[in-house]
Amino acid sequence: MPIKFIMSTAPPLLTPRHVAVIGAGAAGLVAARELRREGHRVVVFEQGEQVGGTWVYTPEVESDPLGQDPKRRIIQSSMYESLRTNLPRESMGFRDYPFVRKDGKERDPRRYPGHREVLMYLKDFAADFEIDGELVRFQTEVVFAGLGETGKWRVTSRSSNDSDCVDEIYDAVVVCNGHYAQPRLAHIPGIDAWPGKQMHSHNYRTPEPFQHQVVVLIGSAASAVDISREIATVAKEVHIAARSVEEDKLGKVPGHDNLWLHSMIDSVHEDGKVVFQDGSAIAVDCILHCTGYKYDFPFLETEGLVTVDDNRVIPFPLCELQSKWIASILSNRIALPSQEEMAKDIEAFYVSLEASGTPKSYTHNLAFVQWDYNNWIADQCGVPAVEEWRKQMYKAASKSKLVRPESYRDEWDDDDIVLLAQQDFANYLRE
């Protein structure tokens, strides 16, 4: 249920704020840009050495392959070496900064490029909009961000080069710390006594460690599809356990000799067997959890205003338009309703999800509803609605993945939509 926002008929008296942005990935970068465009003073805190967030690939993995040990050194990125985008580049870029092919020895011209190309796009974005070293505090962790009685935020940070913490006061905090660092595991009866190896996809980089093994992979999202097929090139057998699978799809995956699709795991046992809900059982060397992530804000203290409940959070995850919206709210260009009215609308939305049988962890799964939501935010911000070609391209890409799951990144039939995108990009690209 959308919240109704009050747009003043008289020109608003805009107020510049001092804003802390936590994270310099895609969301943090565009948040910083939109906040500065609106006249706010911005400081960006980034734990890593460079911008890009989760798109910064590292071959390093965590000491705990399941990512559950609280004492482990956390690796922020979940990129695997071979990862390519699962959407075409035209639909991935910011609206006024198209993600187009660029010449250069290290550039990836493919329409569905690898992770390094996305990182280079984000670095280009940061450079062109001067989101640089003066604005971004690299290798700096936010250890506390709390809302005080005065309505100001106290932000405590610590540089990797200094053991001392620094306290600062800000008018607002924009949290862009990502959600690909705290693995979420499947619940499997008997797992404590099962003798095999386990790993979460957060710590997957290459298929070689699975050579000649029998692997069960849990999950059916994009990373699970990619990783299962890559592991199948070296493993003895790969068995995918998915929660929602049509019965006629179960069994050997077409085009593969050693890849099977199963119903979800029922239980595992001390003899190494994995039993599926359909009653079939196999001896397995390793279980790989491609089961997503938990939202986690360990530094954030809001006295209950922002909480995580089975991956449900108050802030919504859409980057660019929401950044415009946030910047406009902070400057008083857009006025919020009362907290009571907003809380009622949120609760009504949650009730509607529960009535439809939607799990809490699917709260942000907007699917095709995203266009209505994006357009609603665009209207609030006074900017044009989402281009029609973006909707068409998203639908075409989704259809292509279903029709040709093995080759959709290199074969497509929406060149007419690509032409529309390129015509739109001409409004923003300058020599």
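Modeller: Before we talk about packing angles, note that axes are lines fitted to C-alpha atoms, for helices over the stretch in contact, and that angles run from 0 to 180 degrees between N-to-C directions. Helices (H or I, at least four residues) and strands (E, at least two) are DSSP runs, numbered from the N terminus. This is a predicted model, in which local features need pLDDT of at least 70 and side-chain atom pairs count only at pLDDT 80 or more, while totals for chains, interfaces and linings use all residues. Residues are numbered from 1 along each chain as its sequence is written, and side-chain values use heavy atoms, with hydrogens and water left out.

Colleague: At what angle do H1 and H5 pack?

Modeller: The axes of H1 and H5 are 8 Å apart. The angle at which H1 and H5 pack is about 35°.

Colleague: Which residues of H5 does H1 meet?

Modeller: Contact means heavy atoms within 4.5 Å. From H1, the residues taking part are Ala27, Val30, Ala31, Arg33, Glu34, Leu35 and Arg37. On the side of H5, they meet Glu320, Ser323, Lys324, Ala327 and Leu330.

Colleague: How far apart are the end C-alpha atoms of H1?

Modeller: The expected span of a helix is 1.5 Å times one less than its number of residues. Helix H1 covers residues 26-37, which makes 12 residues, so it should span 16 Å. The distance between its end C-alpha atoms agrees with this, at 17 Å.

Colleague: Are Gly28 and Leu35 in H1 buried or exposed?

Modeller: Buried means under 20% relative accessible area, exposed over 50%, and partly exposed in between, computed with a 1.4 Å probe on protein chains only. What covers the buried residues of H1 includes strand S1 (18-22), strand S2 (41-45), helix H3 (115-128), strand S7 (172-175) and helix H5 (320-330). Among the residues of H1 in this class, Gly28 and Leu35 are buried.

Colleague: Which are the edge strands of the six-stranded open sheet?

Modeller: Two strands pair if DSSP finds at least two bridges between them. The order of this open sheet is S8-S16-S9-S10-S12-S11, and the pairing is mixed. Since an edge strand here pairs on one side only, the two are strand S8 (197-200) and strand S11 (251-252).

Colleague: What is the bridge partner of Lys252 in S12?

Modeller: S11 and strand S12, which holds residues 259-262, pair in the antiparallel sense over two bridges. In S12, the partner of Lys252 is Trp260.

Colleague: Which residue of S14 stands opposite Ser267?

Modeller: Another open sheet has three strands in the order S13-S14-S15, with antiparallel pairing. Within this sheet, S13 is joined by three bridges to strand S14, residues 273-276. Opposite Ser267 stands Val275.

Colleague: Where does His212 lie, and what is its relative accessible area?

Modeller: The loop between S8 and S9 holds His212, and its phi is near 65°, a positive value in a residue other than glycine. His212 is exposed, because its relative accessible area is 62%.

Colleague: What is the relative accessible area of Asn332?

Modeller: Asn332 has its place in the loop between H5 and helix H6 (339-355). Although Asn332 is not a glycine, it has a positive phi of about 75°. Asn332 is partly exposed, because its relative accessible area is 36%.
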